[in-house]
Amino acid sequence: CRGVLNDYAVKYNFDTRWAVVPGVLHSQPSWGSGTTEYALECLKFAVSNYHGDAPAKGVYGCPIVPATTRLPMIHATDLAIGLTKLATADRANLKEPERGYAIAGFSFSCEELFNEIKENYYADFKYEYQENVHVNRFAHLWVDSLSPTEASRDFGYEASFGFKKTIREIVQAHVDRDFREAPVAGLNVDATA
């Protein structure tokens, strides 16, 4: 692909731009079935099975092993902003080959996600590893992080959502939808990160 893009850029003075997009996290009630969707499934499972006064039930089955496997993710809002900034940037400022950029957010592992859930939302949350060979294979093909440097330098994109802020928004959205409650209170979460 890069060769074709370069041919168009050089031979025809065509403005080629493309992006590497990490796993997209959002607070919507449904999603696709890609590799990084395990995080969305896990958060919805935690809220559905551990929120409120009812006894906790169920064990989340994580498809990715080992637990330390890190994957790059991004909040949907940041992705929209990053892609818009790339599309509207002055061509002269785009220095990367074929004008390809990573639209970076943050990275985390299954273990980090489970710890966040247990420490700040549902202390009795339970999980186990149930490897899905297809999901796991793709998880290990991904890089563990994407560089934010080039997009920041060339068109001023920087993610505004971090790991904790994203998780909090998703948990709250599921609580609002499923339980019609007021904001989740008393959580030990820095909503700016």
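Which helices and strands do the buried residues of α4 pack against? Keep that in mind as you open this predicted model and follow the stops below.

**Stop 1: helix α4**

Select residues 110–120, which form helix α4. Now colour Cys-110, Leu-113, Phe-114, Glu-116, Ile-117 and Asn-120, which are buried. Turn the view so that you look down the axis of α4: the buried residues fall within an arc of 165°, so they line one face of the helix. To answer the opening question, show α2 (37–50), β3, β6 (106–109), β7 (127–129) and α7 (163–179), the elements that these buried residues pack against.

**Stop 2: Leu-86 in helix α3**

Next, select residues 76–88 to see helix α3, and pick out Leu-86 within it. Is Leu-86 buried or exposed? Its relative accessibility is 4%, and because the cut-off for buried is under 20%, Leu-86 counts as buried.

Who surrounds it? Setting aside neighbours within four places in sequence, Leu-86 is in contact with Arg-17, Trp-18, Ala-19, Leu-94, Arg-99, Tyr-101 and Phe-155.

**Stop 3: the loop between α3 and β5**

One of the contacts of Leu-86 was Arg-99, so let us go there because it is buried too, with a relative accessible area of 12%. Arg-99 is in the loop between α3 and β5, and Glu-98 is also placed in the loop between α3 and β5 (100–102). Glu-98 is buried as well, at a relative accessible area of 15%.

What is the phi of each? Glu-98 has a phi near 50°, and Arg-99 has a phi of about 55°. Both values are positive, although neither residue is a glycine. Most residues other than glycine have a negative phi.

**Stop 4: a cis peptide bond**

Move to the loop between β3 (60–62) and β4 (70–75), where you will find Pro-66. Zoom in on the bond joining Val-65 and Pro-66: this peptide bond is cis, with omega about -5°. Most peptide bonds are trans.

**Stop 5**

Tyr-12 counts as exposed, at 57% relative accessibility, in contrast to the buried Leu-86.

Definitions and conventions. Residues numbered from 1 in each chain as written. Predicted model: local features only at pLDDT ≥ 70, side-chain atom pairs only at ≥ 80, totals over all residues. Heavy atoms only, no water. Helix = DSSP H or I, 4+ residues; strand = E, 2+ residues; numbered from the N terminus. Buried < 20%, exposed > 50% of the residue type's maximum accessible area, 1.4 Å probe, protein only. Contact = heavy atoms within 4.5 Å. Arc of directions from axis to C-beta.
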